[in-house]
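The terms are given with their cut-offs where they come up.

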Amino acid sequence: MKLTNKFTLWYFAIMLVVLLTGGAIVYYEIQWKISRVEVVRHERLNDIIAQQIRSGGDYKDHPTRKRVSISVIPADSVPKGGYSYYTRGSNWNPEFQSYEFKLVVTSFYFINGRHYRVSSYSFIPSFYQLLPGVVDSFQWILLLLLILVVISGQLIPKYILAPFKRTLRVIQSFDLKQKEPVRLPATRTSEFRELNEFLKKMTEKAREDYRSLKEFTENASHELQTPTAIIRGKLDLLMESEIRDEQAILIAEIQNALERLSRIHSSLTLLTKLENYEYEAKTPVCISRTTRETLASFEELIQMKSLSLRTDIEENVYLPLHPSLADLLLTNLVSNAIRHNSPPAGEEEGLIRVVLSREGMVIANTGREPRVPTVELFERFKKGNPGSDSIGIGLAIVRQISDLNDFDILYEFAGGWHMVAISFHSRLPASKLLQNLLLPLQSRTESGWPKANH
Amino acid sequence: MKVLIIEDNQELARNIHDFLAREGYVCEVCGTLETAKEKLGLFQYDCILLDIGLPDGNGIGLLNTIRAEHKQSNVLIISAKNALDDKIIGLEKGADDYLTKPFHLAELHARIRAIYRRKNLEGASIVEFNEISLNTDTFEARIGDVILDTTRKEFDLLLYFLVNKNRVLSRQSIAAHLWGDYTDSLANFDFVYQHVKNLRKKISNAGGTDYINTVYGLGYKFNSHEAHQ
């Protein structure tokens, strides 16, 4: 829920409480005030009547006596300390032939040695008659307030929260790699100023860390690659001199170790760069084309190993992926599928299957059962076959690329098939994708496709 | 060909110098931006090998000078930084190619020849040796008049051999040349062997001389002096 809506709702709730209690207060206040005014009027009337009695004149038909009763009472009936009191309640009004609210004010006087009780009454508007009026007016007030709160709830936060929203936009577009520090909008709200101050510090720190990490990686790369380059050059030169066979073997062994060193180094540097998000997709890459190109570049290797390749590549599948990474991803997967391929039992040819769709891709190849669980093959320097010549970092790179782009990746071995499934959409798990992509193909072609066993 | 090697590491510079000198190139070496500017002010070079990380500054800055005053020179950046930025900026600023350390000297040589062909021979991109001729535009290989039916990789391989005649080419260097930096070239040695074998067979079948020799333990050599029978 949006902050402004939350505020509006809270305002509305508070308003409701205030209006309800306010309504009750107003209702009782009016009721009390009306009684009070009437009571005062009647007390004055009673006083006038007492005055008349005292003067001893005949006032029987005087207009003051219309709703008054006077009686002489014994002294013990006078309430103690009592001067006057009033009662009220619903009563029959003969003038209007209906029950109305009757207010009776009774006063006591001691005149000429006798105790008088003077009561006057009148019919006043019933409180129940007032109630609808109160409710009505409060309904209008409520409606007016509601409209105002809703409108101001939309407009005022827009104004007050504007700096916050601008900050949010700046932070959302913040990129570790950006060359300039973030520029946050100036604001007079102290909380936002604090927030901006904090964000400025944080992003600066992050950028600083990123920069030094990147620098370190590059320096490490530089410092190690240069000596490696020197050794390699010297060996290249040494190979051209007159050398004996034993020396040649030694040189070849050095070459191999050096090659391995340099590969490991460049792969690790690459992984670090991936972790640092140095490869950002600027435009979507056509993965269909990359796949076909990669397969074409490996065509000869596939033929050399007499593998049979079957593909099902959907056209124009675009992915927001850096072209180098797309290339790397496919190169690693395809070269793995070729290198670790061996024909299934009783067959002559090893098989490779490549399926690409908008949802994801599956690359499967026949091969020997891996010695370690397939999940572990994504780890660095883990190899399915410890005796192989590879470094065992290709799949780690593949996974890093997948993680980086929120792809879901799965490696499975079943029925003599190694299957790597990559789902391009994070909400579609790779296992589901594997099933989706392989099932229709199984029905389309009778054999030669790996079976998804889920 | 006259080559200026701008590289602060003396050992590496000497490797390059020795290797290229054997090809008959005239090489000069300098290790700082300052001396490089001096040399560029005085002489013209066909090819400039530029290391980006120099002790007195970034070599990319030098590209502007080179492009302004040495339009004919080819520039090949050699850098240990495989940073994408440097690569892109370098190529944008007018470098002709980019090579990451550690490279094989044969690869460096092949790159130098490739840029040279591209820029200096205006269209006639033919590499010839005796009866072998390669058209690097159409990827067509001929033995005399016979068109050799080579695959793309075999063509690349033959070109690599021709450029690096009489050099021992290690399998590592060939694998890196054919499949690039990021494939596991150790595991590709079998394929190198296969490719070389197929190539030799195709050349022989087309009536060509088999110049490619196996060098025990190390790799292969394209021998221009004595054909292997």
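A crossing is called left-handed if the near helix is turned anticlockwise from the far one by less than a right angle, and right-handed if clockwise. The model is predicted: local features need pLDDT of at least 70, side-chain atom pairs count only at pLDDT 80 or more, and totals for chains, interfaces and linings use all residues. Residues are numbered from 1 along each chain as its sequence is written, while chains are lettered from A and ligands numbered from 1 in the order in which they are written. Helices (H or I, at least four residues) and strands (E, at least two) are DSSP runs, numbered from the N terminus.

**Helix packing in chain B**
- Helix α1(B) (residues 10–22) and helix α5(B) (residues 105–120) pack at about 60°, with axes 10 Å apart; axes are lines fitted to C-alpha atoms over the stretch in contact, and angles run from 0 to 180 degrees between N-to-C directions.
- The crossing of α1(B) past α5(B) is right-handed.
- Asn15(B), Ile16(B), Phe19(B) and Leu20(B) of α1(B) meet Leu105(B), Leu108(B) and His109(B) of α5(B) (contact: C-beta atoms, placed from the backbone, within 7 Å).

**Strand pairing in chain A**
- β2(A) (residues 84–93) pairs antiparallel with β3(A) (residues 98–111) over ten bridges; pairing requires at least two DSSP bridges.
- Four residues separate β2(A) and β3(A) in their hairpin, where Gln97(A) has a positive phi of about 55°.
- β3(A) also pairs antiparallel with β4(A) (residues 114–124), over eleven bridges.
- Lys102(A) is the bridge partner of Gly89(A) and of Phe123(A) in β4(A).

Definitions and conventions: Two residues are in contact if their C-beta atoms, placed from the backbone, lie within 7 Å.
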